[in-house]
Amino acid sequence: MHNQPNSCLWVYDLADTVYNGEPTKMETTMNSRIMILIMFSIWILFPVSLLHAQTTTIPDGAKSTPSPAVAKTVRQDNIVISDHIANWRGVLLSTEQALARSGMNDDDLVQKSTETSDIRIQALEQGLKIEPQIKQLKAQLDQLGSAPKKDEPAESETISAKRTELENRYSILDGNLKAIRLIIVRATQIEEQITDSRRQHFVTQISQRSKSIFDIRLWQNFWNDLDGFWHRFNLLISDSTAVMITKIEKSKILAPLLLGGMIIIAGAVLYGRQRYVKTIDHIITHSNGQPFNNEIKIQLAGASFARNAITPVGGLVLLYLLFTSLGIFTPRLENLMMEIASTLSAIVIALVLTRTYLVPNNPSRRLINLPDITIIKISNIILLGVLFIGGFRLLNKTSIILASPFEVSIALRALLALSCFLCVSLVLIAVAADDKPADDKPADDQLPANRNFIRWGYLKPLFWLGCVAGIISLTAGYLAFAVFLAWQILIAALVFALLWLCIEFLDFRRNRHLSAESGRWRKLAHTTGFSQQAILQGGVFGFGLVKLSAVLAAAVIFMISWGYRTRDWTTTAGELFFGFRIGGLNISFSAIALAIVIFVTGYVITRAIQNWLQIQFLPTTKLDPGLRNSIATIFGYTGMVIAVLLAVSAAGFDLSNIAIIAGALSVGIGFGLQSIVNNFFSGLILLAERPIKAGDWIVTSGGQGTVTKTSVRSTEIETFDGASVIIPNSTLITEAVTNWTHNNKRGRIIVSLGVGYDSDPEQVRNILLECAQSHKLILQKPGPSVYFMDFGADALIFELRAYLSDINYSLTVKSELRFAITSSLRKAKIEIPYPQRDIHIKSAPENFSDIKGGTEKKSKK
């Protein structure tokens, strides 16, 4: 098992230097942090500033489980697994014994944690390979059944021998699986113990007290050791230069390769800068001289940062990789060059970010709304602070490489921390001096577009608290804690600045590409065949995923300075993707992704076949539309159930366990989801018995109309007014429903009318029969009939009853019959009376006026 290179917190090295008097090993830690910041800025802003989308390669899923091997191979595999288990136990035992002893530093703890993590991952992978084999053996044993009892018929020797062989293999694999699970638990516990030890070690180191910055002896020793420092530095440069010249002179191809590589790198850097110059000019030209809005400012900021920071930093990193790949540097000079490259890259990124946000020479492109004099003051403070911090860091790294006395490193780190605190404090004071009252705040369009993403009001107290605590720590002698705070402030400022710029640029690109005015997503929808809504939702989801990735990357960089290793994050991500266990359940995102693919594939196939049935095949049969709809609907639900079962099985979930869970939840379903379950089974009954089908004209308590769709939960009818009414299926089962077209569409209509008492009833009957028989939609068998229903108060009441081949035309036929009957009756001069009332008014009594007058007199009294 190979040990990975370890990284540790620089604060541990500082404390070891202060108290042990030995040079620290900070190369890996600080280099990794600076290089990660550089690569983070390149990864975040370089693709988006090019205005091109990135494509992400998704790693393949977990390998399929191998098929069972022959008996000899199985025995060999068991021997190998047993050897692995024995080896793992030995390493874990050694780690436990080492943890029991005191005196382990952070490097040793990281190494032990790496070894333990490797064992846990290997054991987990081995267990995932064994579990399918055990399931296969268990299924075979279940198929064979138990051995027959004494009073039962004997079985053949072949079956008995096969059962014995399977039981032996099952016993061996089950024992190995239990041992592997025990090792996984044991390794997990050891990792937790190592994490606790590192945390305690970290707290102990930063809480110990050393010399104060006001201790004169610290600075005297630093001054006295400077001569030795410069002498070692000159020797390193002279010796390394001589070795480099010798290597170049001995190799004929080294110089041309070096020169050619430098020319290519220089050309790439110049091309990148020129490309971004054209981009900036293009943005400014299209603004048409108008004041820059937030979107243009963000676009200019991204292009300027890419031109002035990412391009030169990328060239510097490539130049360093060129020299190291050719093997020109000596080991110590290579370390020094790495520190120089990382420090210069950090300085360039910090200064370019400052100019990107503040833009001292062009207020119209400024992202922060402050007066010009304040902007210039802040720019100068940050410039001096970055140069001092970068210089002290480079000198400190150089002193460690040269193995200078530890007083030099301690003094340089103290100066670095003091420079950081003073720089941040002066910037905060300059900003606070120009804070405007609430009434004088600028308008919303003058502030950053996403100003709520990072609230300055929340960050400012934290920066002040860190600076004050750091200065107090330097004064009190807690140098390790002060340097730790300084690096946290610097990393937080740099990460937040990069992250905010990235988020703003992503929002700008999202609004531009997915806006209603943009036609790109419509063109993509036309090209791919997806709906515009699907493309729009996919674009929003994609931009959100990229933003989430940027936030997670920023969190990883920030957490590295707290002792978290990149290996921890990659291991966690691998476990999340390839599988982790919760209790007895193994969850794997790769398996879940495969399950989603299987479900989507099954869904698409089901819908395709269902559409083929509905549109092409079933219309060629003699089945009625309602039955065709029922067949297509049942097929669709059956296909969906099969797709869900296949997806659940592919995700690694045991269907038997799901059945047990469903049984346990049946009581809750019976009470909490009673109406839903009732509608579900009512829908199945409707689809099976088909008392109501698509196209039927039904009358219910919720209204009447034509059935358009029947699902497992509800039935949709369309009223004659064009409205859709959703009726629960349980209502159609439990209540009375009138179905006008259940067996066939034939139906009867009734037209009532009244004629005058002077009319001839026989003549009226003949007219009504003639009108009905002449209509083409009225059936002649059975033929229409007329009935003399009653002697009304004002008319003789008749009813015309006729049958239609399609009752859906009843309203039309009734209307046309009434037109025809009215015309025929008028031609025959037969009156259709309307209600009449004769009002007879009796004469008023003679004393009516006296009575009225007497009443008025009484009322006056």
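Visitor: What makes the pairing of the side chains of Asn739 and Asp696 a polar contact?

Guide: The two side chains are joined at 3.0 Å. A polar contact is a pair of N or O atoms within 3.5 Å; within protein, one must be able to donate a hydrogen and the other to accept it, and residues adjacent in sequence count only if both atoms are side-chain atoms. The side chain of Asn739 also reaches the backbone oxygen of Pro691, at 2.9 Å. This is a predicted model: local features need pLDDT of at least 70, side-chain atom pairs count only at pLDDT 80 or more, while totals for chains, interfaces and linings use all residues. Residues are numbered from 1 along each chain as its sequence is written, and side-chain values use heavy atoms, with hydrogens and water left out.

Visitor: Which residues does Asn739 touch, leaving out those up to four places away in sequence?

Guide: They are Pro691, Ile692, Asp696, Trp697 and Ile698, where contact means heavy atoms within 4.5 Å.

Visitor: Why is Ser714 called buried?

Guide: Buried means under 20% relative accessible area, exposed over 50%, partly exposed in between (1.4 Å probe, protein chains only). Ser714 has 10% relative accessibility, so the residue counts as buried. Ser714 lies in strand β5, and its contacts beyond four places in sequence include Ile726 and Pro728.

Visitor: How do you know that β4 and β5 pair?

Guide: Two strands pair if DSSP finds at least two bridges between them; β4 (residues 703-710) and β5 (residues 714-718) share four, in the antiparallel sense. Strands (E, at least two residues) and helices (H or I, at least four) are DSSP runs, numbered from the N terminus.
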